[in-house]
Amino acid sequence: MNFEQFSFDPAITAGIRAAGYTTPTPIQEKAIPLVLAGRDVLGLAQTGTGKTAAFVLPILQRLAKGVSRQTRALIVAPTRELAEQIHQTIVDLGKGAKVKSVSIYGGVSKGPQAAALRHGVEIVVACPGRLLDHLDDGGIDLSHVEVLVLDEADRMCDMGFLPDIRRILKYLPAKRQTLFFSATMPQDIRGLADSI
Ligand code: AMP
């Protein structure tokens, strides 16, 4: 098994090579074809399994085809550390794809985030609270989002973000691809997954 089977754009293949990935991890092998086919995916995966690249690579493939500077992918994560890590994976794997990403989280000034949003980015990686701040300000338009990723959904619920996530969902087009990743699947997470 190698990455050739997915027929990624050469710019993305170059990113995979530069990152030193040769063999897809089990979650990548299972999830990438489904995500490329536009299917919704419910992934049970811990950190360290390669789950980030499992959703980042197909998103880059979708966006590299027509770079538009509109927000077409939204990734929601519970902590700034995870948001930064996902953003960095996008930067590393997407170097040749000309796709822009920004990370949005609290505890730092809003100005640079608002400026990046104004300039236009295809991918927003956000923690729920600060994302809602920008939505309340009218500083971000989610009406063009084609792919929503909820990463570490169980942790977001543990941290009390469920009402924020439900509010964010209202800003998104109903017709979209949804990728839902969680390390565990207790009843409330199953309920959230079912409802979206
Ligand atoms: P994640 O579970 O997404 O946090 O990824 C864990 C680590 O595995 C990260 O450091 C990735 O760079 C690395 N990684 C992801 N996919 C692969 C792969 N196919 N081959 C080697 N390393 C990988």
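Predicted model: local features only at pLDDT ≥ 70, side-chain atom pairs only at ≥ 80, totals over all residues.
Thr49 contributes through its backbone, where an N or O atom is placed 3.0 Å from a ligand oxygen atom, while the side chain of Tyr21 has an N or O atom at 2.9 Å from an oxygen atom of the ligand. On its own the ligand has 500 Å² of accessible area, and the protein covers 66% of that area.

## The surrounding shell

The ligand is surrounded by 13 residues, and the closest of these are Thr23, Gln28, Gly48, Gly50 and Thr52. Sorted by class, this shell consists of 9 polar, 3 nonpolar and 1 charged residues. The space that the ligand takes up is the largest pocket.

## Aromatic rings

Tyr21, whose side chain makes one of the ligand contacts described above, also belongs to a cluster in which ring pairs link it with Phe3, Phe6 and Phe8. A pair of aromatic rings is described by how far apart the centres are and by the angle of the planes.

With ring centres within 6.5 Å taken as the criterion for a pair, the count comes to 4 aromatic pairs. For Phe6 and Phe8 the ring centres are 5.7 Å apart and the planes stand at 55°, so this pair is tilted. Phe6 and Phe8 are both buried.

How values were computed
Residues numbered from 1 in each chain as written. Heavy atoms only, no water. Phe/Tyr/Trp six-rings, centres within 6.5 Å; stacked < 30°, edge-to-face > 60°. Buried < 20%, exposed > 50% of the residue type's maximum accessible area, 1.4 Å probe, protein only. Near = heavy atom within 4 Å. Polar contact = N/O pair within 3.5 Å; in protein donor to acceptor, adjacent residues only side chain to side chain. Areas by Shrake-Rupley, 256 points an atom, 1.4 Å probe, with all protein chains shown as cover. 1 Å grid on protein atoms, 1.4 Å probe; cavity = no way out; pocket = protein on both sides within 12 Å on 5 of 7 lines; lining within 4 Å. Sits in = over half its atoms within 2 Å of the grid points. Nonpolar A, V, L, I, M, F, W, Y, C, P; charged D, E, K, R; others polar.
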